[in-house]
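Dear colleague,

I am passing on to you the structure that we spoke about, and I would ask you to look through it before you read my notes below.

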Amino acid sequence: MNQDYLYQDVAMYNQRLMGPAHAKNIVDYACRTALSHRAVAHIALPIDYQSADMSGEKRSKRNLKGHTSEAFTIPKRVPERLQLEKAARALQGKAKVAILVGAGARGAGAEVIQVADRLGAPVVKSMLGKDVIPDDSPYTTGGTGVVGTRASSDVFESCDALVIIGSSFPYIEFLPKPGQALGIQIDDKPERIGLRYPVEYGLVGDAQATLREWLLYLPRNDDRNFLKQAQKGAEDWWELMEERGTRNDKPMKPQVVAWNLSQALADDAIITGDSGTVTTWIARMKVRAQQQFSFSGTLCSMAAGLPYAIGAQVAYPGRQVVSFTGDGSLSMMMGDLATLTQYKLPVKIVVLRNNTLGLIKWEQMIYLGNPEYGVDLYPIDFVKVAEACGATGVHIENPKRCKDQLKEALAMDGPVVIECDTDPNEPPMPPKTTKDEMKHLAQALVRGERDRARISLTIGRQAMDEALFPASDYGAPARVVEKVTGKDKKEEKK
Amino acid sequence: MTASDVLIESLIDWGVETIFGLPGDGINGFVEALRTHKDHIRYIHVRHEETAAMAATGYAKFTGKLGVCFSTAAPGAIHMLNGLYDAKIDQAPVLAITGMTITI
């Protein structure tokens with residue numbers, strides 16, 4: 001097979017070794033390309049050359065031995081001063097500035113907070129930028145997109161300026177509408193400027209270095225109302241998350257696992273996410289300052305959680321590494337549980353078992369109005385699977401014991417699979433449900449959805465229980481009270 | 001000294017400490033060089049090549065360093081693709097090495 005042909009699309013540098021004398025050159029260029037562009041490099045290694053003896057190597061005069069180098073510095077570009085000044089001036093007088101951060105802003109958290117403070121601007125985090133600043137920062141409203149927070153949706157709906165820092169967050173229906181906000185984008189890839197929002201100013205540079213320079217010119221916005229409003233929204237949101245995360249229903253609500261896990265984690269834990277309804281629950285987990293989070297963000301591949309955790313634990317043997325995954329994802333790559341035991345990697349796998357490909361089930365209903373089909377999963381006994389692979393298995397199904405059991409499991413030596421039985425009929429609700437989505441859901445139920453009774457009951461209960469929570473879809477009464485009196489209905493009740 | 005030795009030593013010169021992969025007859029010449037350099041580069045043997053590529057991607061995302069993975073020819077190389085697309089699309093620096101059998 002011609003693997004260099006196969007890898008033509010995926011790899012930025014893609015070469016077949018042309019002979020033993022080519023070996024050093026090819027590695028130098030491959031590594032430099034991958035690191036310079038944060039891209040994939042591929043070397044196809046023909047079998048005949050792999051064991052080829054180098055003693056009698058013949059070289060051409062243009063391939064002198066030792067003529068290449070591994071010297072490398074990560075390029076940190078900074079925009080020209082004039083560009084920084086122009087973009088800063090454009091923000092003069094803007095009192096409703098929103099900031100969107102992505103993976104490109106990782107490591108620049110301190111600078112992002114300084115900019116947010118200067119502009120009185122709430123920071124919305126794409127999921128790949130979840131660990132840019134911690135969720136206890138007064139400057140962030142948390143995530144965005146279908147897994148995001150209501151507070152972030154409100155920020156983007158009402159802002160008049162948008163500063164994008166290191167993000168190509170693709171779900172543009174969640175961004176301000178084109179033309180609504182003045183756009184400024186910081187990205188070290190010039191070709192990405194203007195990719196998702198029609199920005200007026202593109203600042204091409206490394207996030208941290210650029211923000212440091214930009215702070216020299218940025219005007220201060222003394223009108224703090226927009227930020228305060230966002231802070232109130234974030235507060236409301238976390239109250240709702242606490243309500244959903246501390247319920248004692250059975251089957252256990254998936255949010256209960258995420259909520260308790262976030263409190264049980266070490267301060268410097270590395271958390272790997274996965275794709276499915278689990279994405280929604282982990283997206284709404286609070287991340288702390290020293291914690292790191294990532295997942296297969298843009299590709300959204302299932303089954304990345306365990307391999308990412310292997311990569312993370314190998315890199316940081318002394319840190320707590322936790323994978324938050326689902327039964328669908330884990331069963332795809334389950335063989336590599338044995339890799340954890342083979343290398344004594346003490347990764348903790350939290351697997352939500354609801355015996356369904358949950359996200360697909362909801363997508364079939366909410367987006368298409370179809371009853372679920374073809375999404376059942378045979379209930380795998382993950383405790384036994386863990387034990388068969390030489391790891392420890394823990395089973396959690398009682399919400400009242402969830403926190404204690406999670407703490408115990410995280411403290412165990414070696415790899416542990418923590419199987420949590422959760423409710424398959426808990427909908428992964430977007431921050432604001434649209435009329436179309438509700439219409440489709442109703443259609444799916446009417447057209448014969450098998451779980452219609454349970455789903456209706458779940459939603460009905462949520463509607464009753466969350467009427468006092470302004471961040472809930474069902475919190476319209478609370479929102480009206482807040483608007484009229486400026487007070488929280490729950491506070492009044494107290 | 002084989003071509004694979006040169007490859008491994010070049011990777012070590014680039015600061016590569018870990019490589020994720022799965023051996024096979026299409027890559028065993030390279031695996032022998034991993035064996036003879038095992039004190040300088042850590043080989044993590046996984047059960048599926050997709051895991052190798054994904055683990056390298058996760059490693060790169062959490063450290064900012066180069067993630068490296070390898071596979072045998074054809075099926076191994078195909079298995080790695082999903083993890084490599086993840087790296088491509090989320091911009092993680094990853095180097096993939098695949099053994100290749102001679103085609104006709």
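What follows is a short account of what was found, beginning with the interface and ending with one residue.

Please keep in mind that this is a predicted model. The contact between the two chains takes 75 residues from chain A and 64 residues from chain B, and the area buried between them is about 5,800 Å², with carbon and sulfur atoms giving 63% of that area.

Several elements of chain A each supply at least two residues of the side that touches chain B, among them helix H2 (23–37), strand E2 (40–46) and helix H11 (305–315). The largest share of that side, 10 residues, comes from H2(A), and the residues of the side divide into 43 nonpolar, 18 polar and 14 charged. Strand E2(A) is joined by 7 bridges to strand E4 (residues 94–100) of chain B, and the two run parallel; within this pairing, A:Ala44 has B:Thr98 in E4(B) as its bridge partner.

The residue I would point out is A:Ser275, which sits in the loop between E9 and helix H10 (277–283) of chain A. A:Ser275 is buried, because its relative accessible area of 10% is under 20%. Its side chain reaches the backbone oxygen of A:Cys300 at 3.3 Å, and a polar atom of the side chain of A:Ser275 lies 3.0 Å from the backbone oxygen of A:Ser301.

With best wishes

Technical notes: Residues are numbered from 1 along each chain as its sequence is written. Chains are lettered from A and ligands numbered from 1 in the order in which they are written. This is a predicted model: local features need pLDDT of at least 70, side-chain atom pairs count only at pLDDT 80 or more; totals for chains, interfaces and linings use all residues. Side-chain values use heavy atoms; hydrogens and water are left out. Contact means heavy atoms within 4.5 Å. Buried area is the accessible area (1.4 Å probe) that two parts lose on being put together, summed over both. Helices (H or I, at least four residues) and strands (E, at least two) are DSSP runs, numbered from the N terminus. Ala, Val, Leu, Ile, Met, Phe, Trp, Tyr, Cys and Pro count as nonpolar, Asp, Glu, Lys and Arg as charged, and the others, Gly among them, as polar. Two strands pair if DSSP finds at least two bridges between them. Buried means under 20% relative accessible area, exposed over 50%, partly exposed in between (1.4 Å probe, protein chains only). A polar contact is a pair of N or O atoms within 3.5 Å; within protein, one must be able to donate a hydrogen and the other to accept it, and residues adjacent in sequence count only if both atoms are side-chain atoms.
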